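Here is a short briefing to read alongside the model. Take a look at the structure first, then follow the topics below.

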Amino acid sequence: MGLTTGLASSPVTRSLPPGDPFPLGATFDGLGTNFAIFSQAAEAVELCIFDDEGAEARYELREVDAYCWHGYLEGVEPGTRYGYRVHGPYKPEDGLRFNPAKLLLDPYAKAVDGRVTWGQAPYPYDLEADDLVIDETDSAAAMPKAIVVDPAFDWGADRHPRTLWADTVIYETHVKGLTWTHPDIPERLRGTYAGVSDPAMLDHFTQLGVTAVELMPVHHFIHDHRLVTLGLSNYWGYNSIAYLAPYNDYASRPGHRAVGEFKAMVKALHAAGIEVILDVVYNHTAEGNHLGPSLAFRGIDNASYYRLVDGEPRYYNDSTGTGNSLNVRHPHVLQLMMDSLRYWVLDMHVDGFRFDLAASLARQFHEVDRLSAFFDIIQQDPVISQVKLIAEPWDLGDGGYQVGNFPPLWSEWNGKYRDAVRDYWRQAGQAVGELAERLTGSSDLYEATGRRPFASINFVTCHDGFSLADLVSYNDKHNEANGEGGVDGSDDNRSWNCGAEGPTDDPEIRALRRRQTRNFLATLMLSQGVPMLLGGDEIGRTQEGNNNAYCQDSHLSWYDWLHPDTDLLAWTRHLIALRKAHPVFRRRRFFQGRPSRGTARAEGLPDLAWFRPDGTEMGDSDWSVGYAKSLGVFLNGRAIPDPDIHGRPIVDDSFYLVFNAWEQDLDFTLPDARWAASWAVALSTTTETPLPAPAPPLPAGAIVRTAGHSLALYQSPPAPR
């Protein structure tokens, strides 16, 4: 088996002792390092080792077992930088894109050093011709390098918090944006893994009451050529290239030390009782379409790693909108995903995953298949099946919107919840029945497949779209800073600016916006299911109307800790504490029967009942009235079916929620004495402070005036046994 580099100035290539084909990647054993890489179609593979000055030494991997090329190099220690050159035919028309002039990242790299230097070098073809014409420019100087790591770390008494799904409150955030402006965090730690676990942030998380942080992508990713040329970046990180390596630029100490810093972050969060969930992007890679660079997978084994167009393997099957889709049908691609997931759980101690564009992972052939190989393997895996699994249940392909169709182990970002709650509070003409389904855990989506209310990850805002402050301040997107002429980002924002576009000095509009913000937060925290808060919404973060800030590493994306909305922060803390204190808002089972005719009985009352403003129970005809924007909801605290962990009955207060999305004030009649003897105001979104002024209890059947665009919550303790 000979090398076919064709480069006259190439370093001399030496052969290596055989080593082992497993595990894949670089494995340090104390004396040296074993290297193993998969390629089914390669003709030869070279391991390239780089010294501190960038000089390259090459070693041929002569041993091949089950398409895994492997060798052992004595004396290679943690911190050593390496890459691969893979030899074989360059025939894009046949789906083969080997080019040994291009240095490639190890798909199993556990740490990565450096960034891509854009130009001709990273591309396997001649940019002045087309992708059928090979380019032999050596890319080593322009490429990041994999790093050998030492897996040793003192975890001490660390353990997974294992918060019950029903008790979970998720905080979605970005590693850099979260702390970049925080004045109480040392400057050298801002924007890093260490910054996330700084005492200032731990204090914020614990006082806020969240139980899990969901980190936007931290797998090592690439900043696209186009964005770098525009002076922008792939800030969100949905451009992965190394699925076992933490993103290097988020470390205060780059290189292989990033691994230890990430572990220290997880350990500190766990000590505070906070779980760590990773947003993972296994549906596509940073290499793009047929005109993209050769960074790793394309040059290692293009036809194995990617879904190519049937009959035209020069092109990529793209259900993600990014140029390519990983070929989940191939066993080694599935192995990479599962090895990556297990590594992050077993070695890095994370507690769960949110899968970006998860519908794409289910596409074994063309249709989305709920029982695809990927989900079957997850179900059977003794490690991954035991952590929190969250699907973004859509992609951009045909039939890609799959809310409600994932297997029983999975929870899902509930896009229907987001849309229903936004439409209700902006008076979009939606029937209240849709809101009722979403408030009660979306049993119409999940109950038939044996799932519970926590299958629904409820959210009003997330990283993709407007922040909460912008949702009530803009009717239209304002994405000019993205350099795409304003065509990027969704046009379906379901937002309402409350009477003026963007910033305004009008006191009535400003007051309405603040009330709408509280309405959204209160609705979110008082709904059945798992609430997810977009990080920064609790302090009033704005993106100035940009609803697609994926490329904005700027003030548009960083949290403004210098000017936080402290009143809104107090409101959010109070809402989460209220939810945590009352199990009736976080039931582990769905309410019984139809929402308007609950059948579960406790002391002769249903567990759930719906009322018109005049105090009469809603009938079937009321649910389909499009103009109805007001309703009351009775939640029976004595009809919770699940016992606690010791088998004891769970008894809570009963609550009455009043929703009024009309502009004008409305009178609501509280439920009569059959439902409760008296009612006390627990909160009202008309006030800037979360705790209402002390007032005597209201008698059953009392009439209460409810302001327009507001939500009120009334509380009644259970009668003595």
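**Charges over rings**

K145 sits over the face of F50, 5.1 Å from the ring centre; such a charge has NZ of Lys or CZ of Arg within 6 Å of the ring centre and within 35 degrees of the ring normal. K388 lies over the face of W165, at 5.2 Å from the ring centre. This is a predicted model, where local features need pLDDT of at least 70, side-chain atom pairs count only at pLDDT 80 or more, and totals for chains, interfaces and linings use all residues. Residues are numbered from 1 along each chain as its sequence is written, and side-chain values use heavy atoms, leaving out hydrogens and water.

**Aromatic pairs**

- The whole structure holds 44 aromatic pairs (Phe, Tyr and Trp rings, using the six-membered ring of Trp, with centres within 6.5 Å; planes under 30 degrees apart are stacked, over 60 edge-to-face, the rest tilted).
- Among them, Y243 and F297 have ring centres 6.1 Å apart and planes at 45 degrees, so the pair is tilted.
- Both Y243 and F297 are buried (under 20% relative accessible area, with exposed over 50% and partly exposed in between, for a 1.4 Å probe and protein chains only).

**Around Q543**

- At 3% relative accessibility, Q543 is buried.
- The side chain of Q543 reaches the backbone oxygen of N546 at 2.8 Å.
- Leaving aside residues up to four places away in sequence, Q543 touches G465, S467, D470, A549 and L556 (contact means heavy atoms within 4.5 Å).

Technical notes:
Polar contact = N/O pair within 3.5 Å; in protein donor to acceptor, adjacent residues only side chain to side chain.
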